[in-house]
Amino acid sequence: LADKVTGIVVHTANYGESDRMITIFSPDVGCVDAGIRFIRRPKSKLRAAGQLFCYGQFMLHRLGAGKYTLIQFELCDSFFDLATDLDAFSYAAFLCGICREAVQREEPAPGLFALLLHALTQMCYNKEVPPQDIGMATMLKMMDELGFMPQLTACSVCGKEVSGAAKFSARLGGVLCGNHADEDRQATDLSAGAASMMRLVLEAPMNKMAGLRLTPAIRQQWFAAIPGFVHWRMEKRFKSSRLLEIFHQING
Ligand SMILES: [Zn+2]
C-alpha cells in the first residue's frame with residue numbers, strides 16, 4: 001500500500017543509528033510523519049527528502065495506523081539557500097513550526113500551505129526584501145488564517161477605538177488604549193505607521209509581499225510585537241511550547 005503525498009518537510013528528527021523521522025506538511029492531508037531508513041548513510045538516495053524545507057513528492061509505504069516509511073522521492077525545490085542565511089533559516093523554521101503545531105493529520109490546510117510555500121520561495125529567492133520582513137508578514141497572515149487576527153484598531157481589554165501610537169500586548173492579543181496601557185508590563189510600542197502596515201499586510205493578497213518595504217523603525221516594532229503574539233496565541237490554543245525553542249532563536 002503506497003500513498004503519494006506532495007508537501008514540505010516541516011520537521012526532522014534523527015533516530016536509531018542512521019534513520020530519520022520527517023514531518024511532511026501537505027495541503028491535502030495535513031501533517032504526516034514518515035521514517036526514512038538509513039538516510040544518514042553516505043549513499044542514501046533519499047537524502048534530499050530528509051532536509052528541513054524540502055518540497056517535493058513523497059511516495060510513502062504504510063506500515064500501520066499512522067505509520068509510514070518513505071520509499072521514493074521526487075524533489076521540486078530544496079530551498080537550499082535558506083540554510084546559508086541564519087535569519088532566513090530561523091524565520092523559515094518558525095513558520096514550519098506554526099504549521100506543524102496547528103495542522104493535524106488528515107486535516108487539509110491549503111491556505112496555510114500556500115502561505116508557507118510562498119514565504120519559503122520569497123525568503124530563498126527574493127533578495128530585495130529582508131527575510132525577517134517576509135517572515136513576520138507571513139506570521140501575521142498565518143495567524144489570520146488560523147483565526148487569530150490581532151486587535152489593531154480597538155483596545156484588546158475594553159474594545160475602545162485606538163488611533164495613533166499605542167502599546168501592543170502580545171499576551172492580550174493587540175493594541176491597548178491609554179487606560180489599559182499598563183495591563184501588560186511587557187507591552188511594546190506600536191506607532192500608527194507600524195499598525196497600518198500590519199493591516200495592509202493582512203488585507204493584501206500574499207503575492208503583494210514581494211513588494212513589502214519596511215522602515216527600520218517599523219521593522220523594529222514588528223519584531224517586538226509579532227513573534228511574541230504568535231507564540232502567545234499558539235500556546236493558548238495548542239497548549240504546546242515547542243515553538244518556544246525556535247522563538248528564542250529569532251530573539252537571539
Ligand atoms: Zn482599553
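Which residues in H1 meet which residues in H3? Let's start there. One caution before we do: this is a predicted model.

Helix H1 covers residues 86–102. On its side of the contact we have Asp-87, Ala-88, Tyr-91, Phe-94, Leu-95, Ile-98 and Cys-99. Facing them in H3 are Pro-131, Gln-132, Gly-135, Met-136, Thr-138, Met-139, Met-142 and Met-143. Sort the residues of this contact by class and you get 11 nonpolar, three polar and one charged.

Now the geometry. Two packed helices are described by the angle between their axes and the distance between the axes. For H1 and H3, the axes cross at roughly 10° and come within 9 Å. An angle under 35 degrees counts as roughly parallel, so H1 and H3 are roughly parallel to each other.

Next, H1 has another partner. That is helix H2, residues 110–125. Here the packing angle is about 175°, and the axes lie 11 Å apart. So H1 is roughly antiparallel to H2. From H1, the contact uses Ala-88, Tyr-91, Ala-92, Leu-95, Cys-96 and Cys-99. From H2, it uses Leu-112, Leu-116, Ala-119, Leu-120 and Met-123. The class count is 11 nonpolar, no polar and no charged.

Back to H3, residues 131–145. H3 also packs with helix H4, residues 192–203. Their axes are 9 Å apart, at an angle of about 60°. That makes H3 oblique to H4. The crossing is right-handed. Who touches whom? In H3, look at Ala-137, Leu-140, Lys-141 and Asp-144. In H4, look at Met-198, Val-201 and Leu-202. This contact has five nonpolar residues, no polar ones and two charged ones.

Last topic: the metal. Which atoms coordinate the zinc ion? The SG atoms of Cys-155, Cys-158 and Cys-177, plus ND1 of His-180. They sit at 2.1 to 2.3 Å. Along the chain, the donors follow the spacing C-x2-C-x18-C-x2-H.

And what is the arrangement around the zinc ion? The four donor atoms subtend angles of 99 to 119°, which makes it tetrahedral. For reference, the ideal angle for four tetrahedral donors is 109.5 degrees.

To recap: H1 runs roughly parallel to H3 and roughly antiparallel to H2. H3 is oblique to H4. The zinc ion has a tetrahedral set of donors.

Terms used
Residues numbered from 1 in each chain as written. Predicted model: local features only at pLDDT ≥ 70, side-chain atom pairs only at ≥ 80, totals over all residues. Heavy atoms only, no water. Axes fitted to C-alpha atoms, helices over the stretch in contact; angles between N-to-C directions. Helix = DSSP H or I, 4+ residues; strand = E, 2+ residues; numbered from the N terminus. Parallel < 35°, antiparallel > 145°, perpendicular 65-115°, else oblique. Left-handed = near helix turned anticlockwise from the far one by under 90°. Contact = heavy atoms within 4.5 Å. Nonpolar A, V, L, I, M, F, W, Y, C, P; charged D, E, K, R; others polar. Donors = N, O, S within 2.8 Å, 3.2 Å for Na, K, Ca; no water. Tetrahedral: all angles 85-135°; square planar, octahedral: opposite > 155°, others 65-115°.
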